[in-house]
Protein chains: 2
Amino acid sequence: MKRDEFDTWSRDRLEQVEAALERWVPALAPAGLGDAMRYGVLDGGKRLRPLLVLSAAEAVGATDSEAALRAACSVELIHAYSLIHDDMPCMDDDVLRRGKPTVHVKFGQAQAMLAGDAMQALAFEVLTPEDDSVPLALQARLCGLLARAAGQDGMAGGQAIDLASIGRPLDEQSLSDMHRRKTGALLQASVMMGAACGDASPQARQALSEYGAALGLAFQVVDDILDVTQASSTLGKTAGKDADQNKPTYVTVLGLSAAQRRAQTLREQAQAALARSGLPDAAWLSVLADKVVERDC
Amino acid sequence: MKRDEFDTWSRDRLEQVEAALERWVPALAPAGLGDAMRYGVLDGGKRLRPLLVLSAAEAVGATDSEAALRAACSVELIHAYSLIHDDMPCMDDDVLRRGKPTVHVKFGQAQAMLAGDAMQALAFEVLTPEDDSVPLALQARLCGLLARAAGQDGMAGGQAIDLASIGRPLDEQSLSDMHRRKTGALLQASVMMGAACGDASPQARQALSEYGAALGLAFQVVDDILDVTQASSTLGKTAGKDADQNKPTYVTVLGLSAAQRRAQTLREQAQAALARSGLPDAAWLSVLADKVVERDC
């Protein structure tokens, strides 16, 4: 029942997100840059991060839907830019993403790099509307949360560890640290940015932060599992890539069945944190934690 | 006399900027990322953008020196990241910058790309201190100005035009449009971010915006002139690069002596805008406009 309601709710919200991205990612950016940016972010992906933002905003009773929508688009822009850069030849050198040629394959490396750079800037543009349709204090909070999740202490730092770990054994602690930054920080920030759009007690905020941390790690554990259990055609990206590149993953470090158990434990931790939050409207966050662990692509 | 005073003032302020960058660009970012970031931004460059921020802040009587210092460092971080990405093989493919090997030569392409990405995020982290030592409304304003200057409508968009213009004739209008975005937007934003740190009348703000636009274009005209008149050893970067790459420049479009006259005209426009601003303390901005045009590197 909850699932059906969630599906209806999320379909509606994702339409809003797609329409907003369509509006905010400029078709008219100069010299083909807009085409590359739009190709990299429109019509693709599961939009997990926007859904986390919007679910968290609803959970804390946010009334400022403009702010939540902008936050949802900003995290997706950061995520999409990171995929563009990550796929480039000097990084993962991947040619397939979401079932389509990657941005650098289609537009060239220089344009791909610039599109990623411009999308990072655009994320902060989206958070700072000049008409002040989002209160300035909230704009500042959202920019701060996003910047820290994207930067050296978050996503970019995690990618640097990832690069340095190719072909090297990592223990589980180091692997977790890498993924907390690389994937977890932006997922957790999505939750916290949604929460910033409404009023939540410090206790609720702390619980949501723990929910976000558990969900972020669960997401990566499942990603590692799917990389070995699914075909490229299901994933929409090259499967078996981590093993080919000799990258440490939860599956190589823990083994497949222990990794699967770990994903379940993290799901339970996420649900327990939600229960601790005391928030009455956290149903969508609960569904999302289940979906992250149960997904097959 | 003014020049001597300016030199004393700017030496003092640049020491503060260097110390702040030293503090904020993390030595401990993971897996060598911090080393690449610090290499790319510390101990190098003329620091024109930070000086514009701090001069404009003084011109409007800004009392919040913490905000101005953070703004100064944030524009330098954006500038430095753009140089790192611009120098990469898929872009300008340059090996020399500020007399040293470029970041990708020293740290590899992947690390250079990540360092640039992390530095863009860091610019927004610097603008959003969590201790609220900068008022939240001002944090939001500064983030908005910086994001727009860095993104598709500013620097990244200008670079896309630059890429697309290689080997193609551009008329002067298109060349100006490209440079207004590529170099001008961030220089102008530096002035406006400084101005945002204090109180200025709408008239003064408008005049400062025109000053920033003229100075921004003058900077690029002079850059194009120096590219043909100076040796690499003086510039600290590869001279004659634009001609080698068959890129349109003010010198190729206007000819050398007309380009030199244009730089003088833009200097006069910048000074006239300052006079219109009615600001009593705009002396440093005036000196900077002169220095931009008179520089030999």
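In this predicted model, chain A and chain B bury about 3,900 Å² between them, and 69% of that sits on carbon and sulfur atoms. In chain A, the residues that lose the most area to chain B are A:Met113, A:Arg148 and A:Gln152, which together make up 17% of what that side buries. As for who takes part, the contact draws 46 residues from chain A and 46 residues from chain B.

The rule picks up 4 salt bridges across the interface of chain A and chain B. A:Arg148 turns up again in a salt bridge, its side chain meeting that of B:Glu130 at 3.5 Å, N to O.

α6(A) gives the most, with 11 residues. Sorted by class, the side of chain A that touches chain B has 28 nonpolar, 11 polar and 7 charged residues.

Within chain B, helix α4 (residues 65–86) packs on helix α9 (residues 172–196) at an angle of about 170 degrees, the axes lying 9 Å apart. Angles over 145 degrees count as roughly antiparallel, so that is the label for α4(B) and α9(B). α4(B) brings B:Ala71, B:Ser74, B:Val75, B:Ile78, B:His79 and B:Asp86 to this contact, while α9(B) brings B:Lys182, B:Leu186, B:Ser190 and B:Met193. By class, the contact of these two helices has 5 nonpolar, 3 polar and 2 charged residues.

Terms used
Residues are numbered from 1 along each chain as its sequence is written. Chains are lettered from A and ligands numbered from 1 in the order in which they are written. This is a predicted model: local features need pLDDT of at least 70, side-chain atom pairs count only at pLDDT 80 or more; totals for chains, interfaces and linings use all residues. Side-chain values use heavy atoms; hydrogens and water are left out. Axes are lines fitted to C-alpha atoms, for helices over the stretch in contact, and angles run from 0 to 180 degrees between N-to-C directions. Helices (H or I, at least four residues) and strands (E, at least two) are DSSP runs, numbered from the N terminus. Angles under 35 degrees count as roughly parallel, over 145 as roughly antiparallel, 65 to 115 as roughly perpendicular and the rest as oblique. Contact means heavy atoms within 4.5 Å. Ala, Val, Leu, Ile, Met, Phe, Trp, Tyr, Cys and Pro count as nonpolar, Asp, Glu, Lys and Arg as charged, and the others, Gly among them, as polar. Buried area is the accessible area (1.4 Å probe) that two parts lose on being put together, summed over both.
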